[in-house]
Amino acid sequence: MNNLLIVGQYVPTNSIVHRMDPRVKMLIIFFYVIFIFFANNVISYSLFTLFALGSTILTKVPWRFIVKGLTPVWFLIVFTFILHLFVTREGSVLFNLFGLQIYSGALEQGAVISLRFFLLILLTSLLTLTTTPIEITDAVESLLGPLRRFKFPVHELALMMSISLRFIPTLLQETEKISNAQASRGVDFRTGPFRERVRAVIPLLVPLFVSAFKRAEELAMAMEARGYRGGEGRTKLRELRVVKRDVAALVCFIVIAAAALITRDYS
Amino acid sequence: MHAIEFRNVSFRYEEDQPYVLRNVSFQVETGEWLAIIGHNGSGKSTIAKLMNGLLFPSEGEIFINDIPLTEENIWEIRSQVGMVFQNPDNQFVGTTVRDDVAFGLENRGVPRAEMMERITSSLEQVRMHDYLLHEPYRLSGGQKQRVAIAGVLAISPRVIILDEATAMLDPLGRKEILDTVHRVQAEQQIGLITITHDLNEVMQAERVLVMNDGEVWMTTVPRELVKKQTELQQIGLDVPFVSQLAHALQKLGVPLTEEPIDHEELLDTLWTLHSRK
(Lines give C-alpha, C1' and ligand atoms only; values in the text may rest on other atoms or scores of the structure.)
Protein backbone atom coordinates (compact mmCIF):
# COMPACT_ATOMS: atom_id res chain seq x y z
CA MET A 1 0.00 0.00 0.00
CA ASN A 2 2.69 2.44 1.03
CA ASN A 3 4.74 2.03 -2.12
CA LEU A 4 1.76 3.25 -4.13
CA LEU A 5 1.89 6.54 -2.29
CA ILE A 6 4.58 8.34 -4.20
CA VAL A 7 2.50 11.47 -4.74
CA GLY A 8 4.69 14.44 -3.93
CA GLN A 9 7.47 12.19 -2.66
CA TYR A 10 7.39 13.69 0.80
CA VAL A 11 10.41 12.74 2.90
CA PRO A 12 9.70 13.32 6.60
CA THR A 13 13.05 14.27 8.10
CA ASN A 14 11.51 17.06 10.18
CA SER A 15 14.28 19.50 9.27
CA ILE A 16 14.06 23.26 9.68
CA VAL A 17 12.88 23.47 6.07
CA HIS A 18 10.06 21.04 6.83
CA ARG A 19 8.88 23.20 9.68
CA MET A 20 8.83 26.38 7.62
CA ASP A 21 5.59 28.03 6.64
CA PRO A 22 4.65 26.51 3.26
CA ARG A 23 3.63 29.93 1.96
CA VAL A 24 7.11 31.31 2.55
CA LYS A 25 8.64 28.29 0.82
CA MET A 26 6.38 28.78 -2.17
CA LEU A 27 7.08 32.51 -2.39
CA ILE A 28 10.84 31.97 -2.24
CA ILE A 29 10.68 29.34 -4.96
CA PHE A 30 8.45 31.52 -7.10
CA PHE A 31 10.85 34.45 -7.04
CA TYR A 32 13.90 32.22 -7.34
CA VAL A 33 12.50 30.81 -10.58
CA ILE A 34 12.07 34.34 -11.92
CA PHE A 35 15.36 35.80 -10.71
CA ILE A 36 17.56 32.98 -11.92
CA PHE A 37 16.86 34.12 -15.48
CA PHE A 38 18.59 37.41 -14.66
CA ALA A 39 21.85 35.68 -13.72
CA ASN A 40 24.44 36.09 -16.43
CA ASN A 41 27.91 35.82 -14.94
CA VAL A 42 29.97 33.58 -12.70
CA ILE A 43 29.19 35.45 -9.48
CA SER A 44 25.42 35.64 -9.91
CA TYR A 45 25.22 32.00 -10.94
CA SER A 46 27.38 30.93 -8.01
CA LEU A 47 25.13 32.81 -5.61
CA PHE A 48 22.01 31.07 -6.90
CA THR A 49 23.78 27.70 -6.89
CA LEU A 50 24.91 28.35 -3.34
CA PHE A 51 21.35 29.09 -2.26
CA ALA A 52 19.93 25.95 -3.88
CA LEU A 53 22.62 23.64 -2.56
CA GLY A 54 22.47 25.22 0.89
CA SER A 55 18.71 24.71 1.03
CA THR A 56 19.10 21.11 -0.07
CA ILE A 57 21.60 20.44 2.71
CA LEU A 58 19.28 22.05 5.27
CA THR A 59 16.42 19.70 4.32
CA LYS A 60 18.47 16.69 5.52
CA VAL A 61 16.99 14.68 2.66
CA PRO A 62 19.62 12.13 1.54
CA TRP A 63 21.41 13.15 -1.70
CA ARG A 64 20.93 9.66 -3.04
CA PHE A 65 17.19 10.17 -2.87
CA ILE A 66 17.28 13.51 -4.63
CA VAL A 67 19.57 12.28 -7.40
CA LYS A 68 17.32 9.30 -7.93
CA GLY A 69 14.26 11.53 -7.91
CA LEU A 70 15.77 13.63 -10.68
CA THR A 71 16.49 10.63 -12.95
CA PRO A 72 14.02 11.57 -15.68
CA VAL A 73 15.36 15.11 -15.59
CA TRP A 74 19.03 14.15 -16.01
CA PHE A 75 18.27 12.99 -19.49
CA LEU A 76 16.75 16.36 -20.39
CA ILE A 77 19.66 18.24 -18.86
CA VAL A 78 22.24 16.22 -20.79
CA PHE A 79 20.18 16.48 -23.96
CA THR A 80 19.98 20.28 -23.63
CA PHE A 81 23.71 20.43 -23.15
CA ILE A 82 24.50 18.33 -26.22
CA LEU A 83 22.03 20.24 -28.35
CA HIS A 84 23.70 23.52 -27.46
CA LEU A 85 27.08 22.00 -28.13
CA PHE A 86 26.26 21.30 -31.75
CA VAL A 87 23.89 24.10 -32.62
CA THR A 88 25.41 27.21 -31.08
CA ARG A 89 28.10 28.86 -33.21
CA GLU A 90 29.68 31.56 -31.11
CA GLY A 91 33.22 32.23 -29.90
CA SER A 92 36.22 30.44 -31.26
CA VAL A 93 36.42 26.90 -32.57
CA LEU A 94 37.77 24.68 -29.81
CA PHE A 95 38.16 21.36 -31.61
CA ASN A 96 36.75 19.17 -34.28
CA LEU A 97 34.53 16.26 -33.34
CA PHE A 98 33.87 13.87 -36.27
CA GLY A 99 33.86 16.80 -38.67
CA LEU A 100 31.66 18.97 -36.45
CA GLN A 101 33.17 22.11 -35.05
CA ILE A 102 32.63 22.70 -31.35
CA TYR A 103 32.71 26.38 -30.43
CA SER A 104 33.76 27.76 -27.05
CA GLY A 105 30.54 29.76 -26.85
CA ALA A 106 28.54 26.56 -27.31
CA LEU A 107 30.30 24.86 -24.44
CA GLU A 108 29.69 27.86 -22.25
CA GLN A 109 26.05 28.32 -23.15
CA GLY A 110 25.31 24.61 -22.91
CA ALA A 111 26.76 24.50 -19.44
CA VAL A 112 24.90 27.61 -18.32
CA ILE A 113 21.53 26.51 -19.61
CA SER A 114 21.95 23.04 -18.12
CA LEU A 115 22.96 24.49 -14.77
CA ARG A 116 19.99 26.83 -14.74
CA PHE A 117 17.68 23.97 -15.60
CA PHE A 118 19.18 21.78 -12.90
CA LEU A 119 18.83 24.47 -10.22
CA LEU A 120 15.21 25.14 -11.14
CA ILE A 121 14.28 21.48 -10.88
CA LEU A 122 16.28 20.98 -7.70
CA LEU A 123 14.70 23.84 -5.80
CA THR A 124 11.14 23.19 -6.93
CA SER A 125 11.43 19.51 -6.02
CA LEU A 126 12.54 20.55 -2.54
CA LEU A 127 9.03 21.92 -2.03
CA THR A 128 7.31 18.58 -2.42
CA LEU A 129 10.11 16.77 -0.60
CA THR A 130 9.67 18.89 2.53
CA THR A 131 5.99 19.87 2.41
CA THR A 132 2.99 17.57 2.74
CA PRO A 133 0.36 17.93 0.01
CA ILE A 134 -2.13 19.22 2.55
CA GLU A 135 0.28 21.97 3.63
CA ILE A 136 0.66 22.96 0.00
CA THR A 137 -3.12 23.09 -0.26
CA ASP A 138 -3.34 25.33 2.78
CA ALA A 139 -0.65 27.57 1.36
CA VAL A 140 -2.43 27.83 -2.00
CA GLU A 141 -5.67 28.72 -0.24
CA SER A 142 -3.95 31.39 1.81
CA LEU A 143 -1.91 32.85 -1.07
CA LEU A 144 -4.91 32.98 -3.39
CA GLY A 145 -6.97 34.56 -0.60
CA PRO A 146 -7.00 38.07 -2.12
CA LEU A 147 -8.66 36.67 -5.26
CA ARG A 148 -11.78 36.03 -3.19
CA ARG A 149 -12.65 39.66 -3.74
CA PHE A 150 -13.10 38.88 -7.44
CA LYS A 151 -15.47 36.01 -6.65
CA PHE A 152 -12.77 33.44 -7.28
CA PRO A 153 -13.79 30.25 -5.37
CA VAL A 154 -10.59 29.92 -3.34
CA HIS A 155 -12.03 27.91 -0.47
CA GLU A 156 -13.85 25.51 -2.77
CA LEU A 157 -10.69 24.97 -4.79
CA ALA A 158 -8.68 24.17 -1.66
CA LEU A 159 -11.36 21.82 -0.35
CA MET A 160 -11.47 20.05 -3.71
CA MET A 161 -7.71 19.64 -3.61
CA SER A 162 -7.71 18.26 -0.07
CA ILE A 163 -10.57 15.84 -0.77
CA SER A 164 -8.80 14.63 -3.91
CA LEU A 165 -5.65 14.04 -1.87
CA ARG A 166 -7.63 12.16 0.74
CA PHE A 167 -9.23 9.89 -1.86
CA ILE A 168 -6.10 9.07 -3.87
CA PRO A 169 -5.17 6.02 -1.74
CA THR A 170 -8.82 4.93 -1.56
CA LEU A 171 -9.21 5.01 -5.33
CA LEU A 172 -5.84 3.34 -5.87
CA GLN A 173 -6.95 0.50 -3.63
CA GLU A 174 -10.17 0.29 -5.56
CA THR A 175 -8.36 0.24 -8.90
CA GLU A 176 -6.26 -2.63 -7.68
CA LYS A 177 -9.34 -4.50 -6.54
CA ILE A 178 -11.17 -4.00 -9.84
CA SER A 179 -8.13 -4.89 -11.90
CA ASN A 180 -7.74 -8.11 -9.93
CA ALA A 181 -11.43 -8.88 -10.36
CA GLN A 182 -11.24 -8.28 -14.12
CA ALA A 183 -7.96 -10.19 -14.47
CA SER A 184 -9.57 -13.16 -12.74
CA ARG A 185 -12.23 -13.07 -15.43
CA GLY A 186 -9.62 -13.20 -18.14
CA VAL A 187 -8.93 -9.56 -18.98
CA ASP A 188 -5.28 -9.29 -19.97
CA PHE A 189 -3.68 -5.96 -19.01
CA ARG A 190 -0.06 -6.85 -19.64
CA THR A 191 0.50 -8.60 -22.94
CA GLY A 192 -0.65 -8.18 -26.51
CA PRO A 193 -0.38 -5.24 -28.90
CA PHE A 194 -0.70 -1.70 -27.59
CA ARG A 195 -4.22 -1.22 -28.95
CA GLU A 196 -5.47 -4.34 -27.22
CA ARG A 197 -3.97 -3.26 -23.94
CA VAL A 198 -5.59 0.15 -24.19
CA ARG A 199 -8.90 -1.54 -24.85
CA ALA A 200 -8.38 -3.77 -21.80
CA VAL A 201 -8.37 -0.65 -19.63
CA ILE A 202 -12.02 0.10 -20.44
CA PRO A 203 -13.45 -2.62 -18.15
CA LEU A 204 -11.22 -1.13 -15.47
CA LEU A 205 -12.23 2.49 -15.95
CA VAL A 206 -15.99 2.04 -16.22
CA PRO A 207 -16.50 0.42 -12.79
CA LEU A 208 -13.99 2.81 -11.30
CA PHE A 209 -15.91 5.83 -12.57
CA VAL A 210 -19.23 4.39 -11.46
CA SER A 211 -17.97 3.83 -7.95
CA ALA A 212 -16.20 7.19 -7.82
CA PHE A 213 -19.46 8.95 -8.65
CA LYS A 214 -21.29 6.93 -6.03
CA ARG A 215 -18.65 7.84 -3.49
CA ALA A 216 -18.94 11.49 -4.45
CA GLU A 217 -22.68 11.44 -3.91
CA GLU A 218 -22.42 9.77 -0.51
CA LEU A 219 -19.61 12.08 0.52
CA ALA A 220 -21.67 15.12 -0.44
CA MET A 221 -24.53 13.88 1.70
CA ALA A 222 -22.25 13.13 4.64
CA MET A 223 -20.72 16.60 4.34
CA GLU A 224 -24.13 18.22 4.34
CA ALA A 225 -25.20 16.16 7.34
CA ARG A 226 -22.08 17.40 9.13
CA GLY A 227 -23.11 20.98 8.58
CA TYR A 228 -21.01 21.95 5.56
CA ARG A 229 -22.44 24.96 3.73
CA GLY A 230 -19.56 26.55 1.91
CA GLY A 231 -16.69 28.72 3.05
CA GLU A 232 -18.77 31.46 4.75
CA GLY A 233 -18.26 31.63 8.50
CA ARG A 234 -15.93 28.67 8.61
CA THR A 235 -12.98 28.44 10.96
CA LYS A 236 -9.85 26.44 10.26
CA LEU A 237 -8.07 23.88 12.40
CA ARG A 238 -4.79 23.99 10.52
CA GLU A 239 -3.28 27.39 10.98
CA LEU A 240 -0.36 28.87 9.07
CA ARG A 241 1.90 31.17 11.00
CA VAL A 242 5.02 33.00 9.91
CA VAL A 243 7.63 32.64 12.66
CA LYS A 244 11.28 33.70 13.10
CA ARG A 245 12.74 30.93 10.95
CA ASP A 246 10.49 31.97 8.07
CA VAL A 247 11.61 35.57 8.34
CA ALA A 248 15.23 34.39 8.53
CA ALA A 249 14.81 32.28 5.41
CA LEU A 250 13.17 35.13 3.58
CA VAL A 251 15.92 37.60 4.55
CA CYS A 252 18.53 35.07 3.49
CA PHE A 253 16.93 34.70 0.11
CA ILE A 254 16.47 38.42 -0.41
CA VAL A 255 20.14 39.11 0.42
CA ILE A 256 21.38 36.45 -1.99
CA ALA A 257 18.98 37.42 -4.75
CA ALA A 258 19.83 41.12 -4.33
CA ALA A 259 23.55 40.34 -4.38
CA ALA A 260 23.10 38.31 -7.55
CA LEU A 261 21.08 41.05 -9.22
CA ILE A 262 23.68 43.68 -8.31
CA THR A 263 26.66 41.66 -9.47
CA ARG A 264 25.19 40.58 -12.78
CA ASP A 265 26.60 42.25 -15.90
CA TYR A 266 24.64 45.21 -17.14
CA SER A 267 25.85 45.94 -20.61
CA MET B 1 -39.85 16.34 25.87
CA HIS B 2 -39.42 14.19 22.79
CA ALA B 3 -36.01 14.27 21.17
CA ILE B 4 -37.60 13.36 17.85
CA GLU B 5 -41.23 13.05 16.89
CA PHE B 6 -42.68 11.97 13.54
CA ARG B 7 -46.32 12.97 13.07
CA ASN B 8 -48.10 11.22 10.17
CA VAL B 9 -45.07 11.51 7.89
CA SER B 10 -45.33 10.34 4.29
CA PHE B 11 -42.60 10.66 1.71
CA ARG B 12 -42.09 10.10 -1.99
CA TYR B 13 -39.24 11.24 -4.19
CA GLU B 14 -41.40 12.53 -7.08
CA GLU B 15 -45.05 13.38 -7.50
CA ASP B 16 -45.78 10.49 -9.83
CA GLN B 17 -43.81 7.90 -7.88
CA PRO B 18 -45.14 5.56 -5.18
CA TYR B 19 -44.75 6.49 -1.53
CA VAL B 20 -41.57 5.28 0.17
CA LEU B 21 -43.04 6.09 3.59
CA ARG B 22 -46.73 6.07 4.45
CA ASN B 23 -48.19 7.74 7.51
CA VAL B 24 -45.28 7.08 9.85
CA SER B 25 -45.63 8.28 13.46
CA PHE B 26 -43.33 7.61 16.39
CA GLN B 27 -41.37 9.35 19.15
CA VAL B 28 -37.86 9.06 20.50
CA GLU B 29 -37.28 10.25 24.07
CA THR B 30 -34.15 12.08 25.20
CA GLY B 31 -31.58 9.51 26.35
CA GLU B 32 -33.40 6.59 24.82
CA TRP B 33 -32.03 3.95 22.45
CA LEU B 34 -34.44 3.17 19.66
CA ALA B 35 -33.61 0.60 17.01
CA ILE B 36 -35.29 0.83 13.61
CA ILE B 37 -35.28 -2.42 11.73
CA GLY B 38 -36.60 -3.49 8.36
CA HIS B 39 -35.58 -5.29 5.19
CA ASN B 40 -34.00 -3.49 2.25
CA GLY B 41 -36.34 -0.89 0.81
CA SER B 42 -38.61 -0.81 3.85
CA GLY B 43 -38.02 2.92 4.19
CA LYS B 44 -35.77 2.87 7.22
CA SER B 45 -32.93 4.87 5.68
CA THR B 46 -35.40 7.43 4.37
CA ILE B 47 -36.47 7.97 7.98
CA ALA B 48 -32.85 8.70 8.88
CA LYS B 49 -32.49 11.26 6.11
CA LEU B 50 -35.74 12.94 7.11
CA MET B 51 -34.55 13.33 10.69
CA ASN B 52 -31.86 15.86 9.88
CA GLY B 53 -33.31 17.55 6.88
CA LEU B 54 -31.42 15.76 4.12
CA LEU B 55 -34.96 15.06 2.82
CA PHE B 56 -38.24 16.78 3.64
CA PRO B 57 -41.55 14.97 4.20
CA SER B 58 -44.16 15.13 1.43
CA GLU B 59 -46.86 15.12 4.09
CA GLY B 60 -46.84 15.28 7.87
CA GLU B 61 -44.49 16.97 10.31
CA ILE B 62 -41.23 16.22 12.09
CA PHE B 63 -40.31 17.75 15.46
CA ILE B 64 -36.82 17.85 16.90
CA ASN B 65 -36.86 18.72 20.63
CA ASP B 66 -40.47 19.81 20.05
CA ILE B 67 -39.45 22.30 17.36
CA PRO B 68 -40.86 21.66 13.87
CA LEU B 69 -38.17 20.92 11.28
CA THR B 70 -38.29 23.44 8.42
CA GLU B 71 -36.00 24.59 5.64
CA GLU B 72 -35.08 27.63 7.75
CA ASN B 73 -33.80 25.82 10.81
CA ILE B 74 -32.13 22.74 9.29
CA TRP B 75 -28.67 24.06 10.16
CA GLU B 76 -29.52 24.32 13.84
CA ILE B 77 -31.21 20.92 13.68
CA ARG B 78 -28.13 19.39 12.12
CA SER B 79 -26.05 20.47 15.11
CA GLN B 80 -28.45 18.54 17.32
CA VAL B 81 -28.85 15.44 15.21
CA GLY B 82 -25.57 13.72 14.32
CA MET B 83 -25.45 11.04 11.70
CA VAL B 84 -23.09 8.17 10.93
CA PHE B 85 -23.50 6.52 7.54
CA GLN B 86 -22.88 3.04 6.20
CA ASN B 87 -19.67 3.36 4.20
CA PRO B 88 -16.70 4.21 6.44
CA ASP B 89 -14.70 5.60 3.53
CA ASN B 90 -17.32 7.83 1.99
CA GLN B 91 -17.85 9.98 5.06
CA PHE B 92 -14.20 10.54 5.94
CA VAL B 93 -13.55 14.08 4.70
CA GLY B 94 -10.28 15.01 6.39
CA THR B 95 -6.81 13.87 5.40
CA THR B 96 -6.10 12.75 8.98
CA VAL B 97 -8.20 11.64 11.95
CA ARG B 98 -7.76 15.04 13.56
CA ASP B 99 -8.81 16.94 10.44
CA ASP B 100 -11.84 14.75 9.98
CA VAL B 101 -13.15 15.30 13.51
CA ALA B 102 -12.48 19.00 13.00
CA PHE B 103 -14.58 19.16 9.83
CA GLY B 104 -17.94 19.48 11.58
CA LEU B 105 -16.50 22.04 14.00
CA GLU B 106 -14.95 24.10 11.22
CA ASN B 107 -18.31 24.15 9.47
CA ARG B 108 -19.88 25.67 12.54
CA GLY B 109 -17.20 28.29 12.98
CA VAL B 110 -15.94 26.99 16.33
CA PRO B 111 -12.81 28.92 17.47
CA ARG B 112 -9.55 27.05 17.07
CA ALA B 113 -8.68 26.64 20.76
CA GLU B 114 -12.08 25.19 21.57
CA MET B 115 -11.80 22.96 18.52
CA MET B 116 -8.63 21.34 19.87
CA GLU B 117 -10.31 20.61 23.20
CA ARG B 118 -13.39 19.13 21.65
CA ILE B 119 -11.36 16.98 19.24
CA THR B 120 -9.33 15.57 22.11
CA SER B 121 -12.32 14.81 24.31
CA SER B 122 -14.47 13.27 21.58
CA LEU B 123 -11.61 11.10 20.32
CA GLU B 124 -10.98 9.95 23.87
CA GLN B 125 -14.62 8.96 24.19
CA VAL B 126 -14.33 6.60 21.23
CA ARG B 127 -10.82 5.51 22.30
CA MET B 128 -9.17 6.74 19.10
CA HIS B 129 -6.94 9.43 20.54
CA ASP B 130 -3.76 7.46 19.81
CA TYR B 131 -4.53 7.71 16.11
CA LEU B 132 -4.77 11.50 16.03
CA LEU B 133 -2.50 12.01 13.02
CA HIS B 134 -3.27 8.80 11.15
CA GLU B 135 -4.48 8.96 7.55
CA PRO B 136 -7.74 7.14 6.80
CA TYR B 137 -6.10 4.42 4.70
CA ARG B 138 -4.14 3.29 7.75
CA LEU B 139 -7.32 2.63 9.75
CA SER B 140 -9.64 -0.37 9.79
CA GLY B 141 -13.33 0.02 8.91
CA GLY B 142 -14.31 -0.10 12.57
CA GLN B 143 -11.74 2.53 13.47
CA LYS B 144 -12.97 4.82 10.70
CA GLN B 145 -16.51 4.48 11.98
CA ARG B 146 -15.32 5.32 15.48
CA VAL B 147 -13.71 8.46 14.07
CA ALA B 148 -17.03 9.25 12.37
CA ILE B 149 -18.76 8.88 15.74
CA ALA B 150 -16.16 11.16 17.31
CA GLY B 151 -16.85 13.70 14.57
CA VAL B 152 -20.52 13.59 15.51
CA LEU B 153 -19.84 13.73 19.27
CA ALA B 154 -17.62 16.77 18.81
CA ILE B 155 -20.61 18.90 17.89
CA SER B 156 -22.37 17.65 21.06
CA PRO B 157 -25.65 16.55 19.52
CA ARG B 158 -28.82 15.56 21.37
CA VAL B 159 -29.42 12.57 19.13
CA ILE B 160 -27.06 10.27 17.22
CA ILE B 161 -28.33 8.26 14.27
CA LEU B 162 -26.38 5.26 13.04
CA ASP B 163 -27.70 4.53 9.55
CA GLU B 164 -26.53 0.96 8.96
CA ALA B 165 -23.19 2.11 10.32
CA THR B 166 -22.09 -1.44 11.07
CA ALA B 167 -23.29 -3.09 7.87
CA MET B 168 -19.89 -3.02 6.15
CA LEU B 169 -17.88 -4.13 9.18
CA ASP B 170 -16.70 -7.53 10.37
CA PRO B 171 -18.26 -8.93 13.58
CA LEU B 172 -15.45 -7.51 15.69
CA GLY B 173 -15.81 -4.02 14.22
CA ARG B 174 -19.56 -4.24 14.66
CA LYS B 175 -19.26 -5.05 18.35
CA GLU B 176 -16.68 -2.27 18.72
CA ILE B 177 -19.11 0.30 17.31
CA LEU B 178 -22.18 -0.84 19.23
CA ASP B 179 -20.25 -0.96 22.51
CA THR B 180 -18.85 2.51 21.84
CA VAL B 181 -22.18 4.17 21.11
CA HIS B 182 -23.88 2.34 23.95
CA ARG B 183 -21.29 3.57 26.45
CA VAL B 184 -21.34 7.12 25.13
CA GLN B 185 -25.13 7.18 25.16
CA ALA B 186 -25.26 5.99 28.76
CA GLU B 187 -22.63 8.55 29.82
CA GLN B 188 -24.13 11.56 28.11
CA GLN B 189 -27.82 10.79 28.13
CA ILE B 190 -28.22 11.46 24.42
CA GLY B 191 -30.81 9.82 22.23
CA LEU B 192 -29.55 7.00 20.05
CA ILE B 193 -31.21 5.65 16.93
CA THR B 194 -29.68 2.64 15.24
CA ILE B 195 -30.99 1.62 11.86
CA THR B 196 -30.27 -1.92 10.74
CA HIS B 197 -31.58 -4.98 8.98
CA ASP B 198 -29.90 -7.33 11.44
CA LEU B 199 -32.07 -8.47 14.35
CA ASN B 200 -28.98 -9.37 16.37
CA GLU B 201 -28.20 -5.68 16.62
CA VAL B 202 -31.49 -4.54 18.11
CA MET B 203 -31.25 -6.73 21.19
CA GLN B 204 -29.41 -4.12 23.29
CA ALA B 205 -31.84 -1.34 22.35
CA GLU B 206 -34.61 -0.19 24.66
CA ARG B 207 -37.30 -0.08 22.03
CA VAL B 208 -37.64 -1.39 18.50
CA LEU B 209 -39.53 0.08 15.58
CA VAL B 210 -40.13 -2.48 12.85
CA MET B 211 -40.63 -1.08 9.35
CA ASN B 212 -42.26 -2.98 6.52
CA ASP B 213 -42.98 -1.58 3.05
CA GLY B 214 -42.90 2.03 4.16
CA GLU B 215 -45.17 1.58 7.15
CA VAL B 216 -44.59 1.11 10.85
CA TRP B 217 -45.23 -2.58 11.32
CA MET B 218 -44.93 -2.51 15.08
CA THR B 219 -43.24 -0.73 17.98
CA THR B 220 -42.14 -2.96 20.82
CA VAL B 221 -39.29 -4.01 23.09
CA PRO B 222 -36.67 -6.53 21.90
CA ARG B 223 -37.87 -9.29 24.20
CA GLU B 224 -41.36 -9.17 22.78
CA LEU B 225 -40.10 -8.90 19.23
CA VAL B 226 -38.24 -12.20 19.20
CA LYS B 227 -41.42 -14.04 20.17
CA LYS B 228 -42.89 -13.26 16.78
CA GLN B 229 -40.64 -15.56 14.81
CA THR B 230 -42.94 -16.52 11.97
CA GLU B 231 -44.20 -12.98 11.40
CA LEU B 232 -40.65 -11.64 11.32
CA GLN B 233 -39.63 -14.21 8.76
CA GLN B 234 -42.62 -13.23 6.66
CA ILE B 235 -41.43 -9.63 6.40
CA GLY B 236 -37.95 -10.78 5.45
CA LEU B 237 -35.99 -10.58 8.70
CA ASP B 238 -33.73 -13.27 10.09
CA VAL B 239 -34.51 -14.36 13.62
CA PRO B 240 -31.42 -14.44 15.87
CA PHE B 241 -29.92 -17.84 16.55
CA VAL B 242 -30.56 -17.69 20.31
CA SER B 243 -34.28 -17.16 19.76
CA GLN B 244 -34.41 -19.98 17.24
CA LEU B 245 -32.67 -22.25 19.72
CA ALA B 246 -35.01 -21.21 22.55
CA HIS B 247 -38.03 -21.95 20.38
CA ALA B 248 -36.70 -25.31 19.36
CA LEU B 249 -36.10 -26.15 23.02
CA GLN B 250 -39.64 -25.09 23.94
CA LYS B 251 -40.98 -27.33 21.22
CA LEU B 252 -39.05 -30.21 22.75
CA GLY B 253 -40.79 -29.50 26.04
CA VAL B 254 -38.09 -27.56 27.87
CA PRO B 255 -40.07 -25.10 29.99
CA LEU B 256 -38.31 -21.76 29.40
CA THR B 257 -40.05 -19.13 31.47
CA GLU B 258 -38.68 -16.08 29.73
CA GLU B 259 -37.70 -15.28 26.17
CA PRO B 260 -33.86 -14.97 26.22
CA ILE B 261 -32.35 -12.09 24.27
CA ASP B 262 -28.72 -13.22 24.26
CA HIS B 263 -26.53 -16.26 24.85
CA GLU B 264 -25.91 -15.42 28.47
CA GLU B 265 -29.59 -15.21 29.35
CA LEU B 266 -30.33 -18.49 27.65
CA LEU B 267 -27.43 -20.09 29.51
CA ASP B 268 -28.65 -18.70 32.85
CA THR B 269 -32.19 -19.94 32.25
CA LEU B 270 -30.92 -23.36 31.27
CA TRP B 271 -28.64 -23.96 34.20
CA THR B 272 -31.07 -22.64 36.80
CA LEU B 273 -33.66 -24.90 35.21
CA HIS B 274 -31.37 -27.84 35.63
CA SER B 275 -30.53 -27.09 39.25
CA ARG B 276 -34.22 -26.70 40.12
CA LYS B 277 -34.94 -30.27 39.18
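The buried residues of helix H7 of chain A pack against helix H6 (133–143) of the chain. These buried positions are A:Ala158, A:Leu159, A:Ser162, A:Arg166 and A:Phe167, where a residue counts as buried if 20 or more other C-beta atoms, placed from the backbone, lie within 10 Å of its own. The model is a predicted one, in which local features need pLDDT of at least 70 and side-chain atom pairs count only at pLDDT 80 or more, while totals for chains, interfaces and linings use all residues. Residues are numbered from 1 along each chain as its sequence is written, and chains are lettered from A and ligands numbered from 1 in the order in which they are written.

Helix H7 comprises residues 154–184; its 31 residues should span 45 Å at 1.5 Å a residue, which agrees with the 44 Å between its end C-alpha atoms. The expected span is 1.5 Å times one less than the number of residues. A kink of about 40° occurs at A:Phe167, shortly before the proline A:Pro169; the bend is the angle between axes fitted to the seven residues ending at a position and the seven starting there. Just after H7, A:Gly186 adopts a positive phi of about 100°.

Chain A contains nine helices and two strands, defined as DSSP runs of H or I (at least four residues) and of E (at least two), numbered from the N terminus. An automatic or database assignment supplies the domain bounds: domain 1 covers 9–145 + 242–263, and domain 2 covers 166–225. The centres of the two domains, taken over C-alpha atoms, are 38 Å apart.

Terms used
Buried ≥ 20, exposed ≤ 12 C-beta atoms within 10 Å, placed from the backbone. Contact = placed C-beta atoms within 7 Å.
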